[in-house]
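Here are my notes on this model, point by point. Have the structure open while you read.

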Amino acid sequence: MLNFNFQAPTRILFGQGETNKLGKEIRKHGSRVLLVYGGGSIKKSGLYDQVVQILADHAITCIELSGVQPNPRIDSVRQGVTLCRKHQLDFVLAVGGGSSLDCAKAIAAGVKYEGDPWDFFIGKAFIKEALPIGSILTLAATGSEMNPFTVISNPETGEKLGTGSTRLNPRFSILDPVHTFSVSAEQTAAGTADIMSHVFEQYFSPTPGTYIQDRMAEAMLKTCIKYGPLAIAEPDNYEARSNLMWTSSLALNGLLSTGKITDWATHDIEHKLSALYDITHGLGLAILTPYWMKQVLNEQTAAKMATYARNVWDITETDDMQAALEGIAQTANFFRSLGIPATFKDIGLNTDQLTEIAADVTSKGSLGSFKILTYEDVLNILQSAY
Ligand code: NZQ
Ligand code: ZN
């Protein structure tokens, strides 16, 4: 295990009814709020009315930025920055999934920066300051509710890039599983796959001696395998939704990556696909993951992949290579059982840009760490996944 520092500064208010504490939580930090949300799911569910009422009851001024798209665009960020400046807002509240949260984070940083907020994503500027942020999460998936990261798309450049800063950790996140009852089967499946992918990216690591991190990771994977299908079959099953929701936060709040090198190759490839084709993040990850697993399986990696197969899928095969292959097959079958297609062709993507994608994601050098991927490796993953 490597040395590490760990701090998870976001206050989590978890459970049914916790939304009522929103006004008090915001009041600790500000009184003039930019409310950031997506395409209207919070209006359908009634959460929007509840939030607006709570803000009014606490004499909190509220200006809205609505219509944040999945794979949130830099233009929404720029709009939010303009609104914050125009109305002298002092707090950014996201109500929604990862896209609303990520947009809110980028706005919060952009307000305190004189240049264009895209500069943060291309490494032209660092986030030194940001408005305080809070969230009410409505979709269990990204972990953005408890982490310092934001991922934003720029359609003009065909890029989808992430950045992070401790300034962007939400001051609080309200996690009421009831708010996720209305999430569709497709988004529940994609969210479950995203959580699992976050775990894989940290679990499959070249760093030895991380027993505790690995057992926690396996527990999170088992939780997704148990409750993902149940949440799809019974959308208002509180036990299923609450377990998925808490796993979403735990999977990407820094806990699993303590003391180890992490991988993130699958995410890097998926982000490029999302940038080009605007696909759902978790869907892209679920399609790529089994092909990534096959690509990285070799004599060096077989033992860890066999451990995954045995501890997560209860595979009893004693030969490591064979056990690993069975674990990969189980992973693919699980995603199919959630209703996720096996290939990109199945979701209508064309294949004419595969070499460009592989070249782009390896342009800054090779990718990943569990097994370092070359251009040819990435191309092979993409060709298999099509
Ligand atoms: O826009 P609305 O109307 O709210 O509908 C959304 C959207 O269409 C809908 N939805 C959300 N909550 C709902 C609901 N529908 C019904 N009932 C509810 N309770 O679901 C759709 C997807 O929402 P979105 O926020 O895009 O999903 P998700 O939470 O999966 O976020 C995905 C984004 O986060 C990024 C992804 O790349 C992607 O852009 N990620 C952010 C990370 C981070 N900040 O740490 C890490 C991740 O790896 C990921 O890259
Ligand atoms: Zn992800």
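How many helices and strands does the protein chain have? The protein chain has 15 helices and 8 strands, where helices (H or I, at least four residues) and strands (E, at least two) are DSSP runs, numbered from the N terminus.

1. Ground rules. This is a predicted model, where local features need pLDDT of at least 70 and side-chain atom pairs count only at pLDDT 80 or more, while totals for chains, interfaces and linings use all residues. Residues are numbered from 1 along each chain as its sequence is written, and chains are lettered from A and ligands numbered from 1 in the order in which they are written.

2. Overall build. Along the principal axes, the C-alpha atoms fill a box of roughly 65 × 45 × 45 Å. Of the 386 residues, 51% count as buried. Buried means that 20 or more other C-beta atoms lie within 10 Å of a residue's own, exposed means 12 or fewer, and partly exposed is in between, with C-beta atoms placed from the backbone. Among contacts with a separation of 6 or more, 77% join residues 24 or more positions apart; a contact here is two C-beta atoms, placed from the backbone, within 7 Å.

3. What the record says. UniProt lists "domain: Alcohol dehydrogenase iron-type/glycerol dehydrogenase GldA" (unreviewed entry) at residues 9-177. In the model, residues 9-177 are 32% helix and 25% strand, with end C-alpha atoms 21 Å apart. UniProt also gives "domain: Fe-containing alcohol dehydrogenase-like C-terminal" (unreviewed entry) for residues 188-386. Residues 188-386 come out as 66% helix and 0% strand, and their end C-alpha atoms lie 23 Å apart. The positions are in the numbering used here, the feature names are shortened, and annotations may be inferred rather than shown by experiment.

4. Around the ligand. Which residues are the closest to ligand 1? They are Gly38, Pro70, Gly97, Gly98 and Ser144, out of 35 that surround ligand 1; a residue counts if its C-beta atom, placed from the backbone, lies within 6 Å. At least two shell residues come from each of α2 (41-45), α5 (98-111), β6 (149-154), α7 (185-203) and α11 (281-296). Helix α5 gives the largest share, 4 residues. By type, the shell divides into 8 nonpolar, 25 polar and 2 charged. Here Ala, Val, Leu, Ile, Met, Phe, Trp, Tyr, Cys and Pro count as nonpolar, Asp, Glu, Lys and Arg as charged, and the others, Gly among them, as polar.

5. The core. The largest nonpolar core has 111 residues, and those with the most contacts inside it include Leu34, Val36, Val92 and Ile107. Helix α11 supplies the largest share of this core, 9 residues. A nonpolar core is a set of buried Ala, Val, Leu, Ile, Met, Phe, Trp, Tyr and Cys residues joined through C-beta atoms within 7 Å. Beyond its neighbours within four places in sequence, Ile107 is in contact with residues including Leu34, Val36, Val77 and Val92.

6. Two buried spots. Ala104 is found in helix α5 and counts as buried because it has 34 C-beta neighbours inside 10 Å. Leaving aside neighbours within four places in sequence, Ala104 is in contact with Val36, Val92, Ala94 and Ile133. Leu65 is in strand β3 (residues 61-65) and is buried too, with 23 other C-beta atoms within 10 Å.

7. Loops worth a look. Asp278, in the loop between α10 (265-277) and α11, has a phi near 55°, a positive value in a residue other than glycine. Most residues other than glycine have a negative phi. Asp278 is partly exposed, with 14 other C-beta atoms within 10 Å. Asp314, in the loop between α12 (302-313) and α13 (320-337), also has a positive phi near 55°, and is exposed because 9 other C-beta atoms lie within 10 Å.
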